[in-house]
Amino acid sequence: MLRFEATQLLVSHLTNELVVSNLGPTSAELWHAGHRDRNFYTNGSMGLCSSIALGIALSTSEKVISLDGDGSLLMNMGTLATIGREKPANLIVVVWDNEQYGQTGHQPSHTAKGTDLEQVARSCGIPRCVTVRTLEDFELAFEEALRQDGPWCIVAKIQEAEYLPAAPNEPEMTLYRFRSTLLRASQQATH
Ligand SMILES: Cc1ncc(C[n+]2csc(CCOP(=O)(O)OP(=O)(O)O)c2C)c(N)n1
Ligand SMILES: [Mg+2]
């Protein structure tokens, strides 16, 4: 399974969900798959994607999706423990697990040497954890995660591919756009 085809599939299932994406190609591919005001592209902040998504999930009842990377999640594995502790029902963590630190030179990550992030998430108390290896299984798991309460951790084993061009995402603009969209939605809901 390629991350870009899985990202395109994921985007095709979205309605109003909030999506936070890991730095680098994960954010670029999300942008190419379909830019939305409800996408929060992270920049440089390795390890913080699921932490940011957790914070957002705890402050809204809307579904929040984190598109994390194996290397980044390994660097801040405590975020899985906090998700398991807080158990936000509206949070879906997808880990694009290519078993490497892809964008910095394809160095093998711990998941290439036996670390099983599904088991880590499960042992942290995250109730819905699954590993998928094909596009079909990814779609089934993601559709179920959209329907059923979580928190979810979907570890999607992916193959590396050529990178798409970088996306024109400026951090300040991302923050401004994302916040304004949510603010507008909450103002409309109260009027
Ligand atoms: C604190 C910190 N350390 C190191 C880096 C450099 N860095 C950027 S991305 C990356 C690898 C990320 O790996 P992963 O999350 O698996 O994503 P992939 O590149 O495989 O898509 C590294 C080491 C950084 N941005 N921040
Ligand atoms: Mg990786």
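Which element supplies the largest share of the lining of the second largest pocket? Helix 2 does, with three residues. Before I go on, please keep in mind that this is a predicted model.

Staying with that second largest pocket, its volume is about 170 Å³. Fifteen is the residue count of the lining, and Gly-24, Ser-27, Ala-28, Ala-166 and Ala-167 are the ones nearest the centre. Sorted by class, nine of the lining residues are nonpolar and six are polar, with no charged residues.

Next, the largest pocket. Its volume comes out at about 210 Å³. There are 19 residues in the lining, and those nearest the centre are Asn-22, Ser-72, Tyr-101, Gly-102 and Gln-103. Here the classes are six nonpolar, 10 polar and three charged.

As for secondary structure, at least two lining residues of the largest pocket come from each of helix 2, residues 25–34, strand 3, residues 64–69, helix 4 and strand 5. Helix 4 gives the largest share, three residues.

Now the ligand. Where does ligand 1 sit? The answer is the largest pocket. Around ligand 1 there are 16 residues, and the closest are Asp-70, Gly-71, Ser-72, Gln-100 and Gln-103. Ser-72 and Gln-103 were also among the residues nearest the centre of the largest pocket.

Helix 4, residues 70–75, and strand 5, residues 100–101, each give at least two residues to the shell around ligand 1. Helix 4 again has the largest share, this time four residues. By class the shell has four nonpolar residues, 10 polar and two charged.

The side chain of Asp-70 has an N or O atom 2.8 Å from an oxygen atom of ligand 1. At Gly-71, a polar backbone atom is 2.8 Å from a ligand oxygen atom. How much of ligand 1 does the protein bury? Taken alone, ligand 1 exposes 590 Å², and 73% of that is buried by the protein.

To sum up, ligand 1 sits in the largest pocket, and helix 4 supplies the largest share of the shell around ligand 1. That is all I have.

Note on methods: Residues are numbered from 1 along each chain as its sequence is written. Chains are lettered from A and ligands numbered from 1 in the order in which they are written. This is a predicted model: local features need pLDDT of at least 70, side-chain atom pairs count only at pLDDT 80 or more; totals for chains, interfaces and linings use all residues. Side-chain values use heavy atoms; hydrogens and water are left out. A residue is near a molecule or strand if one of its heavy atoms lies within 4 Å of it. A polar contact is a pair of N or O atoms within 3.5 Å; within protein, one must be able to donate a hydrogen and the other to accept it, and residues adjacent in sequence count only if both atoms are side-chain atoms. Accessible areas come from the Shrake-Rupley method with a 1.4 Å probe; for residues, only the protein chains shown count as cover. On a 1 Å grid over the protein atoms alone, a cavity is a set of points where a 1.4 Å probe fits but cannot get out, and a pocket is an open set with protein on both sides within 12 Å along at least five of seven lines; lining residues have an atom within 4 Å of a point. A molecule sits in a cavity or pocket if more than half of its atoms lie within 2 Å of its grid points. Ala, Val, Leu, Ile, Met, Phe, Trp, Tyr, Cys and Pro count as nonpolar, Asp, Glu, Lys and Arg as charged, and the others, Gly among them, as polar. Grid points are joined across faces, edges and corners, and a volume is the space filled by probe spheres set on the points.
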